[in-house]
Every structure is written in C-alpha cells, then in structure tokens.
Amino acid sequence: MERFRVNTSVTMDRSRAMIVASVVMVLIIAALVFCSLLVGAAHIGLQGVLDAFSPHDSVEKIIVLQLRLPRAILALLIGAILGLSGAVLQALLRNPLAEPSVLGASNSAALGGVIALYYGLTKLSVFVLPSMAIGGALLALLVLLLLARSTEGPLGLILAGISISTVAGAGIALALNRSSNPFAMMEITFWLMGSLEDRSFQHVWIALPTTVIGAALLAWNGRALDALVLGEEGARSLGVDLRAVRARAVLGIAIGVGGAVAVSGSIGFVGLIAPHLARPFTDGRPSRVLWPSALTGAILVSAADILVRLVPGDNELRLGVVTAFLGVPFFLAFLFKERRNW
Amino acid sequence: MSTLTVHNAGIDLGKRHVIADVSLQARGGEMVGVIGANGVGKSTLLRAMAGLIPCRHGSVMLGDTSIAIMSPTARARAVAYLPQGQSFHWSISVAHAVGLGRLPHLGPLSRLSPQDETAINSAMERAEVRDLAGRYVTELSGGERSRVLLARALAVDAPVLLADEPTAALDLYHQLHTMEILRALTGDGKLVVAVFHDLSLAARFCDRLLLLHEGTLIADGPPQQILNSDLLERAYGIEVLQSAIEGQTVVLPRKRKPTNGTTTP
C-alpha cells in the first residue's frame, strides 16, 4: 500500500492538478455568468445587476432575471452537454475526431427544427420546435442503432452515423431549396447557425431536463469508457456490456444534444474541442475527462455568447460563427503545443 | 479449484466455420499450451473459452456453469483474458492501466479497496513494472507495454487466465520471465491456457499441449507426446529437427514440406 502511493506519486500529482483545474474552471464559469448578466443591449451597471437580486422590482431586475439569466443558464447547459457528449464519443469510438455530429445527432435534431420552421409550426407553441428537434434526434438514433446493431467495432457506428448525418443535412438543404418564402428561409438559415438571443426560462425548462437526463446516461458509462482504453475485446473481457454502453451513449447524446440544438440551433465545434482542451488537465483516463470537458464546454459557449453581444452591429453574431472562428485558431495553437496524448 | 470444459464446441466467425467439434477439459493448477499453425483457430478457441464469442454448438463450462449464461462481471472475475497484440487507445498511467484489471471487482460507484490495491501492487511486482507505475503507457517500449498488459491481466486475480501469444514481441529474457510468471500462477492452483509459437519454450513450461489443425484438436497430451515429427509435419507442414538438450525437448524447423503445385528449393 505504502509503496503503491510512493510509486504513483506522478499520478497523485496529476489528481491534485485535476482538482485545482476544476476549481479554476468553476471560478471562470462563475465570472462568465456574472459577465453574461452584465452585458447586453441595455446598459446595466454592476450596481444594477446586484440590485436585480434585491426584493424590490425594477426594469433592470426584469432584464437581468428574465432575459439575461436564462440566457446565461442555457449557455452553461448547452456547452456542458456538448462538451460531455464529445468526451464520451471520443472515448467510445476511440477516435479523437469524434463529436456529436458524427452520430448524426446534431443534423437530425436540426432537421426536426427546420421542418417545424418550414411548415410554420413554430407559431403554434414555443414547445413545437424543441419537440420536433428532440424527435428528429431520437428517430435518427433508432435508425442508427438498427443499422449498427450487427456491427462490432466503432467503424460501423461512425459510418452509420455519418450516413444519417448526410441524409439529414440533405433534408435541411431540401427545405431551403424548396422554400418559396424568403423570410422562412432566412429564419431557417439563422436558426441553423446557433443563437441564444431572446431565450426565456421556457427554454431553460426544455434544456434543463434534456441536459440532466442526457448527462446522466452519458456519465453512467465512465468506467466502461476506461475499460475501452484496451479496445472492445479487452473491455468485454473485463465484464463491460458493450451493447448497453453504446445504447446509453447514443440515447444520452440524442436526448442531450437534441435538446440543446432544439433551444439554440446548431453550435458546432464545442463537442470536438472541449475534450481536447480538458484532457491535458486530467490523468488521461476517459472517465476523468468527462466532467472537465463539460466544464470546458460550458466555458466556451458562455464566453462565445458574451462575445456575440459585445460585437456591435444590426444583427447579433451567431454562436456557431463565433465558436468556429475563435475555436479553430485556438484549437490549432493548442494542438501544436500539446503534441502528445493521442 | 476451477475446471474449464469445452464440450463439442463448433465456433463460427462470420460465415466461416473456424472450430469444429473441439472437446477438452483443463483443471486449476495446470498450464496448457495451445499450438498450431496460423489461422487454425487458436485465438478463436481462446476467445470462446473466455466467453467473448458464442459457440454455434456445444458449450464452454466453468465448473458446472455454462459461460454463456454467466453475467458479464461474474465471467470477467472468473476468467482473465489477455488478447493478442493488445494496445492502448489513450495515454493513461501504467498504474491506472494495471488497475483496469480490477474493474470486474468494483461495485457501482465504489473506489479501489485496499484489497484491490494489493492485487494491483502484486501484479505490478510480478510483471516487474512497478518502476514504470507513474509513466504513461504511450511512452513505453513494446516489451514494457507487453509486461504492463500482462500485469493488467494478472491484476484480475481470476482462477483462470487465458493468454493469446503472451510471449510475442518479447526478448529472450522477458519470454522466460513471462513463462515463469504464468507457471507460478499454476502453483497457486490457477489454470493457465496460453497460445504459443515457440514449441521448445512451450514444451518446457507446459504440463500439456493442445495441437490444433484446421479447426480441430488433433492432439492433446504431455509435450513429449505431442512434439513428434509426424504430428508437427501434419500440423505445420514442415519437417522438424528435434533433440533433447539436458533433458529439455528442443524443436527447430528444418524445411517446409512441398505443398501442392509449389516446390521448395
């Protein structure tokens, strides 16, 4: 026992570093949430934000609590589930390129949303678009599990996922292609680029349960993902039920990412980069990368959502645009610096 | 003491019948070598014995229980399996890699118990990877990686260890070392079944050899009995040089037998 501790001092240092990193990330998130309440079209100073949490009513209070707070919460939820999904998928498929869109979850959810927009169903209720998006993701997932049912390795899942993703993408293009109404077309295009503008607590009530359910399903797999470091055969020889692991992962991603896309539209890249940014602060075990990836995802989307409000212009910048434009250079710089780990 | 029984097993990979009607029984305390040419179904047989692939007909029994109806964790606790040429897909520390062997013993959400840590330590000690504990698996040499993987399998502390070519890619020193580790397990009453290509080494350390040819078991018995020229000629398609040096059987390939339509110089 004693010698075990001595000899693993390197890994012990790592776990201390992991705790420090988590604390730092939580502090960054707290700071970002505060900034998010501070920033927006109306100028509300520091005092205004603090006053919003006092009992007496004011316009500032409504703006901060009804408009900016849900937005800040949504950024956290969506970023977290995207980061977590990416980490789970990379471990499950043992592929550092994996992200939620690989399984077709993002595109199918987007297609569900686009159909709602195309037929003008969104006017019926604020819940139509999210339900259609989650429905699209779930439907895609069922097809995916059917297609990949008989295959063993990760490639079957990837190929089936990419096929579904492509078909859903073509469906979106078809909707744009056939749309006679330029306004509907614009609405679709903008929605696809991702945004948290004008979201309310109604949206939080949609994204919160999907995020929680999705995250629970995904996190359940932690240990199995560690075993997958040894490959599928190795994991199975350690008693891992791979079919159940896959089903939980796919279901968790469909519900979690489906809910996220339903509320915000597609936000690309976060699922891919969050695990890579988080991994060096962990001991490398896939189960230990999950939560730091969720925190990193939350930081990325929160920061991007603050940025879109700071850039002046008639139209608020879209989140997908910001995450890609800022994410890619950052990601590349990071990759070249951290040239190890995979 | 555990008994592993393969009863009339037929095993398919895809549509191909790889193993046909193999029966064998092995008991705790035995070291059994599986030998045979490439592609005759040695690995397939081992995977079926580990419960990783189903039998088309027949069964694999562990004691009185069919391995097919055991829960995945119960099976994993009972049978440790070391696949051929395994690699690591992510970079984790050696201590964590060896610790993976304890997964079948962990309850949901529980942490490593002192007992688990003892098993991990003992496995690292036996495979001589303790000094590597803090290193990352991607920084290891091929031989070091093999030993870490062996330690991972030892950490399971299962009554049965199935190892697929555990000495492949190891230098002579570590081949011997691996054989000694496996042999020592049998002293604790464990059953070791392993695939080998080095017949002389297998003959020295195994109590019994199983010779597979075209998916069937053509010989099963003590090494001296199996390593006769006729059987090896049939199984490997070669002529062998055979001798006993200091009482140890040594087998060397002499030349290939001409196959249909081709001649060897």
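Mentor: Let's settle terms before we start: two strands pair if DSSP finds at least two bridges between them. Strands (E, at least two residues) and helices (H or I, at least four) are DSSP runs, numbered from the N terminus. What you have here is a predicted model, where local features need pLDDT of at least 70, side-chain atom pairs count only at pLDDT 80 or more, and totals for chains, interfaces and linings use all residues. Residues are numbered from 1 along each chain as its sequence is written, while chains are lettered from A and ligands numbered from 1 in the order in which they are written.

Now the sheet. In chain B, four strands make an open sheet, running β2-β1-β4-β5 with antiparallel pairing. The edges belong to β2 (16–27) and β5 (65–66) of chain B; each has a single partner strand, so one side of each is left without a neighbour in the sheet. Strand β1 (residues 3–13) of chain B pairs with β2(B) over eight bridges, in the antiparallel sense. Look at Asp12(B) for an example: its bridge partner in β2(B) is His17(B). Packed on this sheet is helix α1 (residues 42–49) of chain B, which touches β1, β2 and β4 (57–62) of that chain. Contact here has a plain cut-off: the C-beta atoms of two residues, placed from the backbone, lie within 7 Å. The direction of α1(B) makes about 125° with that of β1(B); axes are lines fitted to C-alpha atoms, for helices over the stretch in contact, and angles run from 0 to 180 degrees between N-to-C directions.

Stepping back, chain B has nine helices and 12 strands in total. Its C-alpha trace spans about 60 × 40 × 35 Å along the principal axes. Of the contacts in chain B with a separation of 6 or more, 64% link residues 24 or more positions apart.

Then there's the partner chain: 28 residues of chain B are in contact with 30 residues of chain A. Helices α2 (72–78), α3 (94–99) and α4 (114–126) of chain B each supply at least two residues of the side that touches chain A.

How far to trust it? The predictor gives the complex an ipTM of 0.89 and a pTM of 0.89. Mean pLDDT (the predictor's confidence in each residue, from 0 to 100) is 91 for chain B, with 97% of its residues at 70 or more. Residues 261–265 of chain B stay under 50. Where pLDDT is low, the predicted coordinates should not be read in detail.
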